[in-house]
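Visitor: I would like to learn how to read the packing around a single residue in a model such as this one. Could you take me through it step by step?

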Amino acid sequence: MTSDKNFMHQALEQAAQALFLSSPNPRVGCVIVDGAGQVIGQGFTQQAGGPHAEVMALRDAAAKGHDVRGATAYVTLEPCSHHGRTGPCCDALIAAGIGKVVGALTDPNPQVAGRGFERLRAAGVEVEVGPGGAESRELNIGFFSRMVRGTPWVRMKAASSLDGVTALHNGKSQWITSAEARADGHAWRARACTILTGIGTVLEDNPRMNVRDIPTPRQPRIAVVDSKLDMPLDAHVLKAPSGCLIYTCSQDDLKIQTLQGLGATVIDMPNAAGKVDLAAMLRDLAQRGTNELHVEAGFKLNGSLIREGLVNEFLFYQAPKLLGTAAMGIANFGPLNDLHEGVQLEFHDISRIGPDLRLVARVQGRANF
């Protein structure tokens, strides 16, 4: 029905307000509509440990003096049925006397996975799985990846000239793209749970890797691939407010203890070649609650992630300039002997950001889960 689509669209707009906020929980919105078709309450999921969308919408209705008994709740994801840091949302809806729930999608979390809908039906609440499923899944693609595949949604960001140059032969790269593109890039940082870089970038640039150009209620965690544990003790990433994870294969106990004393978490994760096991690292990040992993690294780590087939999506910013040869590219992988060996992509979004071009491209088959 058209009204269902409209109300679910409003719920999705609520869910979008949790984009920078709810990690590692999904971004969920809820709109409560009375029998006359009037919205009487709405809300979205708060920070982890805070109220979920359904509870926020019930509180909003109560604060406005509305009676929700018999009303319809439009929710962008199945109401949870388990006890975590908060109580089950399906129980809150039942206790409030909600008459009907229209949900966009079944929650992929094995602790829920249809049980919320079942509990509502058992309590006499009418349940429909309605419109908005594709939009809700897209908004929560990292959460779905973590729950279904056990790995985060890996998004690799790079800024370059039109001929693919990310830095000149002397290492100069600030700034290839515009201030508008940089601010947009910070918005993509802000939506991530964790930002990943390599020790090469830390040693060369000593970046903060935080969100600065836009307001955000939370800072993502930082993760660094550092096989030999070359991390400088004065590195900015060690001061990240949400913590710094260092993945290594070094057995330097003194350096490990020193870094841990500075608040870092050092994780020994070697592969057979004596490098960091990147696939195992992704599984570990998922277990630590990472839905979306935002990669901002040099061409070596970028190349390794691409070669191992671990990237789901590319976020490219391209400036309208050419920077020529003998310069650094986006990723070091290859050489390839045939064109079909290349990474096959599908454009997901193409936008102008200030004077620059933003391309969001997904690896074929990596979004099918």
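Guide: Let us begin with a term: a contact means heavy atoms within 4.5 Å. The model is predicted, so local features need pLDDT of at least 70 and side-chain atom pairs count only at pLDDT 80 or more, while totals for chains, interfaces and linings use all residues. Residues are numbered from 1 along each chain as its sequence is written, and side-chain values use heavy atoms, with hydrogens and water left out.

Visitor: Which residues does L120 touch, not counting those up to four places away in sequence?

Guide: With those positions left out, L120 touches P79, C90, L93, I94, V101, V125 and V127. As for distance along the chain, D91 is 29 residues from L120, and the C-alpha atoms of the two are separated by 7.9 Å.

Visitor: Is L120 buried or exposed?

Guide: Buried means under 20% relative accessible area, exposed over 50%, and partly exposed in between, computed with a 1.4 Å probe and protein chains only. L120 has a relative accessible area of 0%, which means that this residue is buried.

Visitor: In which helix is the place of L120?

Guide: Helices (H or I, at least four residues) and strands (E, at least two) are DSSP runs, numbered from the N terminus. L120 is in helix α4, which spans residues 115-122.

Visitor: Why do the buried residues of α4 line one face of the helix?

Guide: The general idea is that an α-helix has 3.6 residues a turn, so residues three or four places apart point the same way. In α4, the buried residues are G116, F117 and L120. Seen down the axis of α4, these buried residues fall within an arc of 100° (taken from the directions from the helix axis to the C-beta atoms), so they line one face. The face turned away from the buried side of α4 carries E118 and A122, which are exposed.

Visitor: What do the buried residues of α4 pack against?

Guide: They pack against helix α3 (89-96) and the strands β4 (100-103) and β5 (126-129). After α4 comes G124, whose phi is positive, near 90°.

Visitor: How many helices and strands does the protein chain have?

Guide: The protein chain has 11 helices and 14 strands. Buried residues make up 50% of its 369 residues, and, among contacts with a separation of 6 or more, 70% are between residues 24 or more positions apart. The C-alpha atoms fill a box of roughly 70 × 50 × 40 Å, taken along the principal axes.
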